[in-house]
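Here's a quick tour of one protein structure, meant for someone just starting out. Have a look at the model first, then we'll walk through it topic by topic.

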Amino acid sequence: MIFPADETSKANVENAPPVEKKTIVVIGNGMVGLRFCEKLVEFDTAKQYRIVTFCEEPRAAYDRVGLTSFFAHRDAQKLMLTRMDWYQENGIELHLGDRASEIDREDKVVRSTKGEEIAYDSIVIATGSFPFVPPVPGVDKQGVFVYRTIEDLEHIIEYSKKSKSCAVIGGGLLGLEAAKAAYDLGLETHVIEFAPRLMPRQIDEAGSRILVKKIEDLGVSVHLNKGTKEISGNGRVEQMTFNDDSTLDVDMIIVSAGIRPRDDVARDCELEVGERGGIQGNDRLQTSDPDIYAIGECALHGGMVYGLVAPGYDMAETVAANLTGGDRRFSGTDLSTKLKLMGIDVASFGEYEIGPDKATPLSFEEPFSGVYKKLLFSRDGKRLLGGVLVGDATEYGTLLIMSKTDQDLPCAPHELIVGSSGGASLGNIAAMPDDAQICSCNNVTKGAICQAICEKELDSVGAIKMCTKAGTGCGGCMPLVTDLFNSELKKAGKEVTNYLCEHFEYSRSELFAIVKVKKLETFAQVMAECGTGNGCEVCKPVVTSILASLWNENILEGSHQTLQDTNDRFLANVQRGGSYSVVPRVPGGEITPDKLLAIAETAKKYKLYTKITGGQRIDMFGAEVQDLPDIWERLIDAGFESGHAYGKALRTVKSCVGSSWCRYGVQDSVGFAIRVENRYKGIRAPHKIKMAVSGCVRECAEAQSKDVGLVATEHGYNLYVCGNGGATPRHADLLVADIDEETAILYIDRLLMYYISTADKLTRTSVWLEKLEGGIDHLRDVIIEDSLGLCDELEAQMQQLIDNYQCEWTRVVNDPEQRARFRQFVNTEDEEPTIEFVSQRDQSRPADWTDELTSLELFGELKDREEKLLRNGSAGLLAQKKWVQVGTVDNFPHDGGATIKYGKSQIAVFNFTSRGEWYASQNMCPHKKAFVLSRGIVGDQSGIPKVACPLHKKTFSLETGESLQGEDYDIRTFPVKVEGGKVFLELPPTEILDKLLATEIGCSMATSCASKHEPVAV
């Protein structure tokens, strides 16, 4: 696939004076090849070069350093390093899926496997490396994989579904990443290393000993001093035999035994290559042909092939600079690296292999927590030269910078390991010099980051990454980048907060702790204790969710009712036009024929649209608010209860049929799913929760894409957590393998309560885990090892919520007072349809909404109606307003609204109890012409009383009717007074108001098309 230069840029070139462009062919579009293209575009201000790049893989450059993260999200797009249109915008011709197979140095032409021929002036070879596969018998059997590309990972994932165990050949950096991937796939995992220690190029014997222990504590077996002699099996991998004749039974093997430079295209055109591979290059990175350059892992410089991305980036920048008039030399590079392998920090920096004749070592080993540190100092102890860190690499960034500076140490050498007696902070980033290198992968200094933050007003760490490239390589510098960002904000007098809203200067987790400790039970108590104002549509649902998560009172009791979003307030999902959908609970997806009949009969009676959900339930759409209690009553009589599809709570526990029916099933997945769903139903959380139970590793229930997923094995269940489908999919992480049902329940109890207690508002478990310091390893420590000593409390909290469960539908059905709150109008038993339906595939659905432009035009038409009324002599009638009784105080909920009918018009009346004020407005939201404003949450914004439309959170002043979000529409408001417990509105005659606000007019406008809409005559 060829992506040519953008036509616009071609046109610009055509209109400009003719310039003879030189052609550079870049062979290889990996991380280093792309970096060269980026730097050449940046440096080539004269636009003297045409860039053509060949990419053998089916996709453009992606983050190979972060390859293992693919197992978490399974989304190749998330690894892409730049947008596809970036190549076009910068005039780069990208040949995807096409290998540059031949360099004709005599005719100066590059030829590809697809027949392309490109004449060149210069070539940059960035072909990278290929995995070394030991030539042992049986290595070609089915089930042997390398770990290099996204396609490799996709094959590993697919093959793992029919495997139980995996061996990784190679205990280096990539080998341990591959072992982590196999472990997370639920496989029994073995690491096979030929050397006497793990990561022999990065850490010493003591560091390896700590690393081995920590890895084996996770359940991964480590085999040192093992060379593979043979791989045996009947067509596929079954057993490994080692040089000592010992054997290991495995189902699959991942080979990660090092890399070799991919220099074949150079050999074929007779460029000089090293004895053990690698394209020979000088300090300018020119090969034996001065018009051909080699960079990255295919290049041999100074007798060394670099296997890290940072040296490749340095090479790319060096060549790009020299091709555009510079005179740079590549003299080697820093090989420091920080990784998290199997969840364990491992880092080496500076001259960590220097001998005792040039350096004095200082070591620290703490076997209980698995921490090892070895720092190497100059003989006089004044400078840090390098070091190795295992188990705790929090100070890596600071130590790396210290090892690169010529300045004397700011403290005694031992304080860099054990800290100072005065408690001084090692990482005082503000005191570091501006030339301190923060990101070694991209050679970004502290000064460059500070300058970018200040001049470009960067407001997030993500913006820093995008602008400066800091943190986009290995990611090891991110703690320093974050510290620097916070330091610069503080210096500028700015503060980044995660407060709920203007009413609470606390995050959700902080507010949760306050409510819990002080045993606050109502929104009024919470507001009095730690808030200001009257609340809003943001904080009210958050607080009521916290109250439900702690005390599990019925959400419609007393003052709780009007704190809820409309879904929770009316126990159903609001849909287009203001109707609701009803979803009864179907635990585990198991349902009887009689219950299916009950759903069918209910849907037919109330003319509801029915659809099977993705969570193995049946959804019934189109229910009017006043019909909801009657619908629930029929369903409850048939044995159903609320499915909580409307709440930030457990939705479903999806299951396959498991061992009950499936020939592959190894556990009763349906029975366990029903047990899990019935245990956690109704529990409120920061966001919705979805679970699944699969009866075998074939994973038909898709448990690894859920917040909580259980995958059956022959020994029990593998427990996966914090997955997510939807717009931003995330593969769940394996928390623990092969546990029984009781242990699984115990860990899920703890997990959910820890999430409920600590997550920010509207945060799914997937995002929560990604933001959680320490990630899955921290979660494993808290949930399984009880590292914080919280498990007993978390279990007790969960049991309290389970014990207090009640079906919310049943409470409404059995309570006449609550049932009355579902009336359409509080001042009459009349009912009016508020939605126009159309027929589609033998069912009814709402007519299409108008688009945004049409909606604004229709609002303008309402204004025209009023002006026409005034011009037609109705001004006197409009002025003839009178006070009309519309109900009693008891008809209107505290701090909420209800609807009254006046003629043919609907009016929302709000009892703003916490302010001691009453307001009234039209019930139709002008945004989508839906009659729903009375169901919105009331609150204030900078002291202005407001209502938020429950459909799209459009907010309007209750005093003036103006949009508080700067929209071009507003709402009509009416004066209210209360006398003797009676509520009065000051209104014009019905015949006048109906010409402006009648329900039938709103319904018509809601679905009209701008090109066809005809104004109603007045």
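Before we start, one handy cut-off: an angle of 65 to 115 degrees between two axes counts as roughly perpendicular. Also keep in mind that this is a predicted model.

- Helix H22 (residues 741-758) and helix H25 (residues 791-803) have axes that come within 8 Å and cross at roughly 90 degrees.
- H22 and H25 are therefore roughly perpendicular to each other.
- On the H22 side, the contact is made by Leu746, Asp749, Arg750, Leu752, Met753, Tyr754 and Ser757.
- H25 brings Cys791, Leu794, Glu795, Gln797, Met798 and Leu801 to that contact.
- Sorted by class, the contact of H22 with H25 has eight nonpolar, two polar and three charged residues.

**A four-stranded sheet**

- Four strands make up an open sheet, in the order E29-E30-E32-E31, with antiparallel pairing.
- Strand E29 (573-574) and strand E31 (609-612) sit at the edges with a single partner strand each, so one side of each has no neighbour in the sheet.
- E29 pairs with strand E30 (residues 580-582) in the antiparallel sense, over two bridges.
- If you want to find that pairing on screen, look for Val574, which stands opposite Tyr580 in E30.
- Helix H20 (residues 628-637) packs on the sheet, where it touches E30 and strand E32 (618-623).
- The direction of H20 makes about 5 degrees with that of E30.

**The second largest pocket**

- This pocket has a volume of about 1000 Å³.
- It is lined by 43 residues, and the closest to its centre are Ser160, Ser163, Leu185, Val697 and Asn718.
- Several elements supply at least two lining residues each, including helix H3 (70-73), helix H5 (150-160) and strand E12 (188-192).
- Strand E35 (708-713), strand E36 (716-721) and strand E37 (733-739) also each supply at least two.
- By class, the pocket lining has 16 nonpolar, 14 polar and 13 charged residues.

**Cavities**

- The count comes to six cavities of 30 Å³ or more.
- The second largest cavity has a volume of about 60 Å³.
- Among the residues lining the second largest cavity are Ala548, Asn552, Glu553, His644, Arg684 and Tyr805.
- The lining of the second largest cavity divides into three nonpolar, six polar and three charged residues.

Methods
Residues numbered from 1 in each chain as written. Predicted model: local features only at pLDDT ≥ 70, side-chain atom pairs only at ≥ 80, totals over all residues. Heavy atoms only, no water. 1 Å grid on protein atoms, 1.4 Å probe; cavity = no way out; pocket = protein on both sides within 12 Å on 5 of 7 lines; lining within 4 Å. Points joined across faces, edges and corners; volume = space filled by probe spheres on them. Nonpolar A, V, L, I, M, F, W, Y, C, P; charged D, E, K, R; others polar. Axes fitted to C-alpha atoms, helices over the stretch in contact; angles between N-to-C directions. Parallel < 35°, antiparallel > 145°, perpendicular 65-115°, else oblique. Contact = heavy atoms within 4.5 Å. Pairing = 2+ DSSP bridges.
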